[in-house]
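Subject: Structure for you to look at

Hi,

Here is the structure I promised to send over. Please open it and keep it on screen while you read my notes below.

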Amino acid sequence: MQQLITADQIVPGPAGQRIADGAVLVDGDTIIAVGPRAEVEPHADDARRHTAVGGTVLPGLVNAHVHLSWDAGFGMLERYREADDAELLLGIAGRAQQALRAGVTTLRDLGDRDGLVLRVRDAIDRGDLAGPRLLGSGPPLTPPEGHCWFFGGEVSGPEEIRERIRGNAALGADVVKVMASGGEMTPDSPATWQSQFSAEDLALVVREAHAAGLPVAAHAHGTEAIAAATAAGVDTIEHCSWQGADDSGPDLRDEVAREIAERGTVVCHAYPPDWRTFQRVVVGEQRSQAALDRLHWMDEHGVRFVPGTDGGLPTSVFDNYVGALSYYVDAVGWSPARVIDMATSGAARALGLDRVGLLAPGHAADLLVVDGDPLADVTALHQQRLVFARGRAVTPDAAVG
């Protein structure tokens, strides 16, 4: 079935392009025409029509870092560990659909139990379940009792590393996640600044994953872990906090930032939707300013960024991705056009999705229709009128089944 979506403007991406009084023609799950309404509409005699007066059509949003197994409430880790697979599968599907109704048509999940997210992904891909495009890592690699050990990805030594990567590939993983440094939320695991793997182990992870055709995402807060992950050739660095040894404060290394940029490694900052409360209550003014300074410093070195939310952590909800994007406009000072590119074409490119992130013939019909002009005010992305996932129209307030 063909569908014609018309609006005051089309923002096809990238670089803030606009088509005034534009139209997008979709056939099944694929875009077949984009352009001025006067040029596209004559080819859509029998199409179902969607008209957004005063609205904008743009590519669906991409959230590059979530954990769908967690429910974003306080105590989420205890509930996760007590839940059986059936409960988790229902929660994963429901939270993915929450994100979809809020305009996110692609999610990258970076840690779950036994590949449950991949089972939901497959159900969506088969058409058994409505939902966004999902990418998943399965259980992340971590040392015994390391950060997020409870996902089931504990490894010790080269052979266990190889075995875990083979196992995740057999589950159908889209990406290999490795916990290069520790993290705050896992009791008794190494601190966030501490490295969890040697440089040789990280290089092995990358070799084995790339040989299996899988990119590598490295969770890395500490500078030593960031440097080792970069040298190993990971594809994305999650968080990238540049923490010095023994929690001594920022350890910014120009040569490592330059290498990140030169290699084309992408940084996913993973900041939460309610970033104002997070800064005020959790991290404080000094650490918030340090995070901003790090972003600007990396940007000056030419590092590429993609947004993510670490969705599933307390208060990092799945239906307010726009709140996370507003951080880069209101706090960092980047233009709405740049931030929208980061969350659409830039994120799709970083995740290896060649038919996602742009409105162009031959691309997937993942679209977002909003009221207002998000290139002037990024919060217009909150005003979702319609979301299309693989050509299937969803209204934000509708149940998705």
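Start with the lining of the second largest pocket in this predicted model. Pro14, Val266, Val303, Arg304, Phe305, Val306, Arg338, Asp341, Met342, Ser345, Gly346 and Arg349 line this pocket. Its volume is about 180 Å³. Which element gives the largest share of the lining? Helix 11 does, with six residues. Helix 11 spans 336-350. Strand 12 (304-306) also supplies at least two lining residues. By type, the lining holds six nonpolar, two polar and four charged residues.

Next, the cavity. The count comes to one cavity of 30 Å³ or more. The largest cavity has a volume of about 40 Å³. Its lining is Val11, Pro12, Gly13, Gly16, Pro59, Ile340, Asp341, Thr344 and Leu375. Helix 11 again gives the largest share here, with three residues. Five of the lining residues are nonpolar, three are polar and one is charged. Look for Asp341: this residue is in the lining of the cavity and also in that of the second largest pocket.

Now turn to strand 6, residues 104-109. Is this strand largely enclosed or open? Six of its six residues are buried, so strand 6 is largely enclosed by the rest of the structure. Buried here means under 20% relative accessible area. Strand 6 has a partner in strand 5 (residues 61-66). These two run parallel and are joined by four bridges.

Last, helix 6, residues 199-211. You can check its length yourself. The helix has 13 residues, and at 1.5 Å a residue they should span 18 Å. The span uses one less than the number of residues, because that is how the expected value is defined. The end C-alpha atoms are 18 Å apart, so the two values agree.

Which residues of helix 6 are buried? They are Leu202, Leu204, Val205, Val206 and Ala209. These buried residues pack against helix 5 (158-171), strand 8 (176-179), strand 9 (216-222) and helix 7 (223-232). After helix 6 comes glycine 213. Its phi is positive, near 80°.

Best wishes

Notes
Residues are numbered from 1 along each chain as its sequence is written. This is a predicted model: local features need pLDDT of at least 70, side-chain atom pairs count only at pLDDT 80 or more; totals for chains, interfaces and linings use all residues. Side-chain values use heavy atoms; hydrogens and water are left out. On a 1 Å grid over the protein atoms alone, a cavity is a set of points where a 1.4 Å probe fits but cannot get out, and a pocket is an open set with protein on both sides within 12 Å along at least five of seven lines; lining residues have an atom within 4 Å of a point. Grid points are joined across faces, edges and corners, and a volume is the space filled by probe spheres set on the points. Ala, Val, Leu, Ile, Met, Phe, Trp, Tyr, Cys and Pro count as nonpolar, Asp, Glu, Lys and Arg as charged, and the others, Gly among them, as polar. Buried means under 20% relative accessible area, exposed over 50%, partly exposed in between (1.4 Å probe, protein chains only). Contact means heavy atoms within 4.5 Å. Two strands pair if DSSP finds at least two bridges between them.
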